[in-house]
Structure formats: C-alpha cells, structure tokens
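Please look over the sequence and the structure shown here before reading on. The report begins with single residues and then turns to the chain as a whole.

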Amino acid sequence: MSDFSIRLARASDADAFFEIEDDAAGLLRSAPSLQGIPIPPTATADQHAKTIAKGRSLAALVEDKLVGFAASASAGRELHLHELSVLRAHQQRGIGATLLRALKIDARNSGFRAITLSTFRQIPWNAPFYERHGFVEVQNFEAHPHLQESLEDAVKLGIPAELRCAMIHFLD
C-alpha cells in the first residue's frame, strides 16, 4: 500500500512545484560529475502556473502535502515532459516512477503518440532512470524540433552538449 496519491495538478500548486523542483535540483548542484557545469534554472512559479494551465501536469501528495510533480505540455502529437521532480526527503519511494506511469497512461488515453524529454545523459536519476522506464535516446531530430531546441538551449546556458540528451517513449 502506497503512502502517496497522484492527481491532476491545480493552479494553486505552482508555488509548491517551484519549491519541489528547487529542492530536487540540489542533487544536481551537488553531483560531483557536474561540478563547474551550469545547472538549468528552476522554473518560476509563474512558469509552472502556465504549464499547469495546459492541463497535462500531475501532482504527487503525501497526505495533503505536495511532494512531487510531472510538468508536461503538448508538442504536436507528443507530450513533452518539462520536469519530473520529487522532494529529496520523499525520494526512493517510487513516487517519480508512479508519476511517470500515470503520465504515460494519461498521454496514451489522450491520443498522444509519445512522451519526450531532455535530460542529463550520465546522471543516474536522469537518462538511466528514463531508460529503465522505456525511453530511448533520440538521434534524428527532424520530427522533433522541440527536442533540438531544448538541447540547444542547454548549450546556450553553458552545458556541454555531450552531457545532455533527448529521449522519447513511444506509446502503444
């Protein structure tokens, strides 16, 4: 029996999304392999509110406290996962994996053909996590210009291109 629940995100969740993402980003800021590498900035509460308003984001709660989220929005016939974050104090409980499973179900039921994202290639809770959940690295960006743009934006921030990758999970 899980001690958390998942629901559709609400406008009032935006401030908590910011706090959760900032807390989880602390792991990236302290990762030895990323020392001296800029970390993408945490989305603001206003940016989260705009994503939530698109109706494709999920929230994870323990009792009544928000502890994680999946912020996503459509990119044509694909659902792009902008951020998946869980408070550090609540990690390693399956919350992130459950959010990802719920997002896949919702995306499939809504007619999306795939879920896409961009992430760090070698950080264990980034690309390797998504690989374990059926994502593969995108090699050809012709059909996925939003992914190419995301990777280019990371390079503009000063992140070496070889550290980032774009991934996709095709929905059956």
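## Gln 92, a residue in a loop

In this predicted model, Gln 92 is found in the loop that runs between strand S4 (78–86) and helix H3 (95–109). Its relative accessibility is 82%, and because exposed means over 50%, Gln 92 counts as exposed.

## Asp 106, a residue in a helix

Asp 106 belongs to helix H3, the helix that spans residues 95–109. With a relative accessible area of 25%, Asp 106 is partly exposed, since this class covers the values between the 20% limit for buried residues and the 50% limit for exposed ones. Asp 106 and Gln 148 are separated by 42 residues in sequence, and the distance between them in space, from C-alpha to C-alpha, is 25 Å.

His 144 is placed in the loop between strand S6 (136–137) and helix H5 (145–156). Its relative accessibility is 7%, and because buried means under 20%, His 144 counts as buried.

Which residues does His 144 touch, not counting residues up to four places away in sequence? They are Glu 78, Arg 113, Val 138 and Ile 168. With one of these, Glu 78, there is also a polar contact, which joins the side chains of His 144 and Glu 78 at 2.8 Å.

## The chain as a whole

The protein chain contains five helices and seven strands, and, read from the N terminus on, its elements follow the order β-α-α-β-β-β-α-β-α-β-α-β. The radius of gyration of the protein chain is 15 Å, close to the 16 Å that the globule rule gives for 172 residues, and therefore the chain is as compact as a globular protein of that length. Along its principal axes, the C-alpha trace spans about 40 × 40 × 30 Å.

Of the 172 residues in the protein chain, 48% are buried.

## Surface and charge

The accessible surface of the protein chain amounts to about 9,000 Å², and carbon and sulfur atoms account for 51% of that surface. The protein chain carries 18 positive and 21 negative side chains, and the centres of these two sets are 3 Å apart.

Terms used: Residues numbered from 1 in each chain as written. Predicted model: local features only at pLDDT ≥ 70, side-chain atom pairs only at ≥ 80, totals over all residues. Heavy atoms only, no water. Helix = DSSP H or I, 4+ residues; strand = E, 2+ residues; numbered from the N terminus. Buried < 20%, exposed > 50% of the residue type's maximum accessible area, 1.4 Å probe, protein only. Polar contact = N/O pair within 3.5 Å; in protein donor to acceptor, adjacent residues only side chain to side chain. Contact = heavy atoms within 4.5 Å. Rg over C-alpha atoms; globule rule 2.2 N^0.38 Å. Areas by Shrake-Rupley, 256 points an atom, 1.4 Å probe, with all protein chains shown as cover. Lys, Arg positive; Asp, Glu negative; His and termini not counted. Charge placed at Lys NZ, Arg CZ, Asp CG, Glu CD.
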